[in-house]
Amino acid sequence: MARSSLTRDEVLDAAASLVRQRGPAALTMRGLAAALGTAVTSIYWHVGNRESLLDAVVERTVQEMGAISPVGRTPAERIESVARILRRELRGRPHLIAMVHERGLTERMFLPAQQALVHEVHAAGLRGARAADAVRAVQFQIVGFLLVERNRERSPAQVPAESELWDPAAAPHDPALARALARPADPERLFLLSVRALVTALLAHPAPAPRTGR
């Protein structure tokens, strides 16, 4: 039995869920109607055709990615929180992010995160080109780390495996390092380690403020 009432937000929620789980190819008007327990005509009434639906899902994704609220006592801690939030949100919706990118809206999607980072690098005393470089360095670190992370997750089994390549016997000068590299990587720990090291370097010794007139 078809549902008697349905809202546009419910349609977009269900559409985004389908894309998250199975990719954009799985988002059909008939499949969405079945997931919502309603008639296909009801879907068209709320969102128009499939292309309009995809546009609406992308627009919602852009808006959701803008909900970034830094936390922490210092600019460095708040920059780290922005990095953690952004990585989590990007990891949680790869198919939706790909749709945003295909529609040329990636820069707009990242703008709120950039604005949050600008606020924090200003609070740390950076200005001008140095502040811009810091913002972009953090953003590139997040996206670059995520790309490497996804590539490792999707890659086929490696032969020889990393554990075999780093046999302690083959590195007698530093067996502890060999044992550590033979263990599986911890992405969470590595991400925080790399972001903290980068932010510490970027915020070190900010340029002095310009002198005011007499």
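Helix α8 (128-154) gives the most to the lining of the largest pocket, with five residues. Helices here are DSSP runs (H or I, at least four residues), numbered from the N terminus. The model is a predicted one, where local features need pLDDT of at least 70, side-chain atom pairs count only at pLDDT 80 or more, and totals for chains, interfaces and linings use all residues. Residues are numbered from 1 along each chain as its sequence is written, and side-chain values use heavy atoms, with hydrogens and water left out.

A pocket, on a 1 Å grid over the protein atoms alone, is an open set of points where a 1.4 Å probe fits, with protein on both sides within 12 Å along at least five of seven lines; lining residues have an atom within 4 Å of a point. The largest pocket has 23 lining residues, with Arg 152, Glu 162, Arg 183, Pro 184 and Ala 185 nearest its centre. By class, that lining holds 13 nonpolar, three polar and seven charged residues (Ala, Val, Leu, Ile, Met, Phe, Trp, Tyr, Cys and Pro count as nonpolar, Asp, Glu, Lys and Arg as charged, the others, Gly among them, as polar).

Helix α8 also gives the most to the second largest pocket, this time six residues. Of the 15 residues lining the second largest pocket, Ile 97, Ala 98, Val 143, Leu 146 and Leu 147 sit nearest its centre. Its lining splits into nine nonpolar, four polar and two charged residues.

As for the record, UniProt (unreviewed entry) puts a "DNA-binding region" at residues 28-47, though such annotations may be inferred rather than shown by experiment. Residues 28-47 are 80% helix and 0% strand (strands are E runs of at least two residues), with end C-alpha atoms 13 Å apart.
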